[in-house]
Amino acid sequence: MKKYIVLILIIMVFQSVYGNGNQEPMIAFNYEVSIEGMTCSLCSVAVEKRLNKLDWITGVKGDHENGLALIKVDNAPDMADMEKAIASKLNEIGYKLIKIRKLTDDKNE
């Protein structure tokens, strides 16, 4: 019995020391996209994959619980073109763009 307790303790120590390797890197998202129709975690994945196809989007994190996608944009087009491109990509997979909100000021990025 003591062998199992020692083994469990060793595993716990290794997880605490080396378990952080699977964390996602921190990304400073600069836009929040409100999306209609996201209902599950697979929706989040579908939105992430589709929006990542746009050249100027460098990071996406879907949030189906709040109907959002946080995006990191470099060399963004103007807001009208950005909305049109994102709306088109979302429409391809059955979702609707509600609005895009800027989170950060370009001067601080």
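A: First the rule: a disulfide is a pair of cysteine sulfur atoms within 2.5 Å. This is a predicted model, where local features need pLDDT of at least 70 and side-chain atom pairs count only at pLDDT 80 or more, while totals for chains, interfaces and linings use all residues. Residues are numbered from 1 along each chain as its sequence is written, and side-chain values use heavy atoms, with hydrogens and water left out.

Q: How many disulfides does that rule give?
A: The count is zero.

Q: Is Cys-43 buried or exposed?
A: Cys-43 counts as buried, at 6% relative accessibility. Buried means under 20% relative accessible area, exposed means over 50%, and partly exposed is in between (1.4 Å probe, protein chains only). Cys-40 is partly exposed, at 30%.

Q: Where is Ser-44?
A: Ser-44 is in helix 2, residues 41-51. Helices (H or I, at least four residues) and strands (E, at least two) are DSSP runs, numbered from the N terminus. Ser-44 is buried, with a relative accessibility of 6%.

Q: What is Ser-44 in contact with?
A: Leaving aside neighbours within four places in sequence, Ser-44 contacts Met-38, Gly-62, Asp-63 and His-64. Contact means heavy atoms within 4.5 Å.

Q: Now the charges. How many salt bridges are there?
A: There are three. A salt bridge needs a side-chain nitrogen of Lys or Arg within 4 Å of a carboxyl oxygen of Asp or Glu.

Q: Which residue does Glu-32 pair with?
A: Glu-32 pairs with Arg-101, and their closest N and O atoms are 3.2 Å apart. Glu-32 lies in strand 1 (residues 31-36) and Arg-101 in strand 4 (residues 96-102), so this pair ties together parts 69 residues apart in sequence. Glu-32 is buried at 15%, whereas Arg-101 is partly exposed at 39%.

Q: And what about Arg-50?
A: The side chain of Arg-50 meets that of Glu-92 in a salt bridge, 2.6 Å from N to O. Arg-50 is in helix 2 and Glu-92 in helix 3 (residues 79-92), so the pair links parts 42 residues apart in sequence. Arg-50 is partly exposed at 23%, and Glu-92 is partly exposed at 44%.

Q: Which residue does Asp-74 bridge to?
A: Asp-74 bridges to Lys-72, with the closest N and O atoms 3.7 Å apart. Lys-72 is buried at 17%, while Asp-74 is partly exposed at 35%.
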